[in-house]
Amino acid sequence: MTSPPSHLWLGALLQVLQFVQSTWLSTLYALGITDDSHGAPAWPWDVRIAGENLVIDVALARQFAWMLAAIAFALVCVLLALFWRRAWRWLLAAGIGALALAPWPSPSLWLSAAVPTSFHTSPTGFTVESIARGSRVYAAQCAACHGTDGRGEGPLAATLHRWPPTMASTLLSRRADGELFWHVLYGMRDDQGVTMPGFSGRLSDREIWAALDYMRVLSASAGMAAGGSWPVPIALPALSVKCANGPARDVATWRGNQRVRVVAVDTDHPPPFEDPRFLTLLVERNAPSPPGASGIRKVAARPSDRVRTVSSVNAGNVTPLFGARADCVADSPEAWQVFAQIAGASPSSLAGTEWLADRDGWLRALAPAGRGGWADGGLMCTTTTALPSALPLDAQAARRTDPLTATLRQMDDDPVRFVKGGFVH
């Protein structure tokens, strides 16, 4: 799900290629050489550099990098020869030699088919509301072939000459968002005919982008059902948050410097106590109701734990031993359903589930309800494949002593380096 740490140079190469192509496109648009397409500059060629191929074939990426280095060296030699007349023969010979010695991988390996929207990015912001809208679009237009669970086994799948691919895979990371948008809009074909019908005229641009948002969540859900993990990294969905009596804010304001713990709560699973290692976001089973005059929204109490308030303005929400209970609540009626799908759980069994998001806004770890916390790890998005029992003895001791801290350290030591359709995210 993330590129190995040893390939940091590859990530830098992909970032440079992405920057060059995007800047070139913006320049062409500013000069009036290319038009716009669906609200953004249109890529004018039918090919682009295939960063997704470089990611999966490191040997090809090395050859491509050496080819670029040789071209750059040859250009420098030519420029120097123009100003250093005495050494022009040696400089040209060096440039020609570099080009002759450089590997020249076949263009078919590092070029990929492109469409006018190849460099478009989703305008939705991956919000809970967009995901919920996309789920309705998917159910009405896509589930018949792709299946309600995204496994490609819908009731009409057998009528197609090619079965739809499963979303419990890296399918959605192989294509850029703009290319997925184009294929949904205009369909796909192969030598035998149409493999997927287009939805131009049936769905608006907004509905298609929303459906793609939902497909990311569906991919996580299908991946959990198939292998117990998310096949590609998934971001913490954007939503509005209300903390006590404070004004509503966007969860994106926490991104960049705060880890986030998300906890599904109900009457039997009260809000946890605040923890200085992260900010806590509560997702409630029912849609949040507007706070009353006192600003207190109570949760039913059990005899063993009488304090069940979400708002910290209640003095009973603070204990001398543990401090205050978390009081920042997701202010979205769709949040419960969306997080249930990310966890691969039914909405009725979600209460008590916890997620951890890193400082960059990626969901990284999951503790399902009833598992008993983080003793068994829980990282869903990592390059590390070792089981907890295979970790070094000092790491195992740290996990037994404080498993949550050990999980947080793993998150920090193994950051997400996500490449989607050859574009670094």
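**Aromatic pairs and a buried helix**

Tyr 138 and Tyr 214 are both buried, meaning under 20% relative accessible area, with exposed over 50% and partly exposed in between (1.4 Å probe, protein chains only). The model is predicted: local features need pLDDT of at least 70, side-chain atom pairs count only at pLDDT 80 or more, and totals for chains, interfaces and linings use all residues. Residues are numbered from 1 along each chain as its sequence is written, and side-chain values use heavy atoms, without hydrogens and water.

Q: How many aromatic pairs does the rule give?
A: Rings of Phe, Tyr and Trp (its six-membered ring) pair if their centres lie within 6.5 Å; planes under 30 degrees apart are stacked, over 60 edge-to-face and the rest tilted. By this rule the count is nine.

Q: Which class does the pair Trp 43 and Trp 45 fall in?
A: The ring centres are 5.2 Å apart. The planes stand at 75°, so the pair is edge-to-face.

Q: Is Trp 43 buried or exposed?
A: The relative accessibility of Trp 43 is 7%. Trp 43 therefore counts as buried.

Q: How many residues apart in sequence are the parts tied together by Tyr 138 and Tyr 214?
A: Helices are DSSP runs (H or I, at least four residues), and strands are runs of E, at least two; both are numbered from the N terminus. Tyr 138 lies in helix α6 (residues 128-141) and Tyr 214 in helix α10 (residues 205-227). The pair therefore ties together parts separated by 76 residues.
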